[in-house]
Amino acid sequence: MTIPSNQSGCFSFDASAWKATFPLFSSLSDPQAEFYFNCACDYLNNTPASPVRNLAQRERLLWLLTAHLEQLGLTADQDAENAPNGLVGRISSASRGSVSLSTDGSGIPRNGWWFAQTPYGASFWQATLPLRQMHLLPGRPHFARIFP
């Protein structure tokens, strides 16, 4: 698969390919999808200085983050009856009469809860786990790079 990018090492967004991958958002206009992608780039650097050097991996992560941001916006814009369920976590209890369902995300750290609001964000959070680990390179200065 060829990843479209410009000469500076940045991944270029293809709204139609993104919408084909995430059909839930197929009714979204290309400018709206581009807006959410640009917002995703605020969370994950899309330059050669990105902690994710592999463009194919950066594409997947940015697409997940774009879907997460759109899901949050879609849920806020729709009435509760038509909004996607967005359940994340282990189902901890369920009942039938008068329908009740609750999930448990006790394994999610405090700074990961924003991502845990959608399945796409939870996938992004899990996939970026190596980026939140300390990497020691002996004999070199170590600058704090906290992500995200």
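The points below move from the overall picture to single residues.

1. **What kind of model this is.** This is a predicted model, in which local features need pLDDT of at least 70 and side-chain atom pairs count only at pLDDT 80 or more, while totals for chains, interfaces and linings use all residues. Residues are numbered from 1 along each chain as its sequence is written, and side-chain values use heavy atoms, with hydrogens and water left out.

2. **Confidence.** The mean pLDDT of the protein is 79, and 69% of its residues reach 70 or more; pLDDT is the predictor's confidence in each residue, from 0 to 100. As a reminder, where pLDDT is low, the predicted coordinates should not be read in detail.

3. **Layout.** The protein has four helices and two strands, following the pattern α-α-α-β-β-α along the sequence. These elements are DSSP runs numbered from the N terminus: helices are H or I with at least four residues, strands E with at least two. Of the 148 residues, 33% are buried (buried means under 20% relative accessible area, exposed over 50%, partly exposed in between, with a 1.4 Å probe and protein chains only). Among contacts (heavy atoms within 4.5 Å) between residues at least 6 apart in sequence, 54% join residues at least 24 apart.

4. **The core.** The largest nonpolar core has 25 residues, and Phe13, Trp18, Phe22, Leu44 and Phe124 have the most contacts inside it. Such a core is a set of buried Ala, Val, Leu, Ile, Met, Phe, Trp, Tyr and Cys residues joined through side-chain atoms within 4.5 Å. Helices α1, α2, α3 and α4 (119-127) each give two or more residues to this core, and α3 gives the most, with seven. In soluble globular proteins, nonpolar side chains tend to be buried together.

5. **Aromatic rings.** The whole structure holds 13 aromatic pairs. Rings of Phe, Tyr and Trp (its six-membered ring) pair if their centres lie within 6.5 Å; planes under 30 degrees apart count as stacked, over 60 as edge-to-face and the rest as tilted. Trp18 and Phe22 make a tilted pair, at 5.7 Å centre to centre and 40° between the planes. Both partners are buried, Trp18 with a relative accessible area of 0% and Phe22 with 11%. They also belong to one aromatic cluster with Phe11, Phe13, Phe25, Phe37 and Tyr120.

6. **Trp18 and Thr66.** Neighbours within four places in sequence aside, Trp18 is in contact with Phe13, Phe25, Leu28, Ala33, Trp63, Thr66, Ala67 and Glu70. Thr66 sits in helix α3 (residues 55-77) and is buried, because its relative accessibility is 0%. With residues up to four places away not counted, Thr66 touches Trp18, Ala33, Tyr36, Phe37 and Ala40.

7. **Leu65.** Leu65 also lies in helix α3, and counts as buried at 0% relative accessibility. Beyond four places in sequence, Leu65 contacts Ala40, Tyr43, Leu44, Phe115 and Phe124.

8. **Charges.** How many salt bridges does the structure hold? There is one, formed by the side chains of Lys19 and Asp30 (2.6 Å, N to O). Lys19 lies in helix α1 (residues 15-21) and Asp30 in helix α2 (residues 30-43), so the pair ties together parts eleven residues apart in sequence. The cut-off is a side-chain nitrogen of Lys or Arg within 4 Å of a carboxyl oxygen of Asp or Glu. Lys19 is buried at 13% relative accessible area, whereas Asp30 is partly exposed at 40%.

9. **Two loop residues.** Ser98, in the loop between β1 (90-95) and β2 (100-104), has a phi near 65°, a positive value in a residue other than glycine. Most residues other than glycine have a negative phi. Ser98 is exposed, with a relative accessible area of 74%. Ser50, in the loop between α2 and α3, is buried at 0% relative accessibility.
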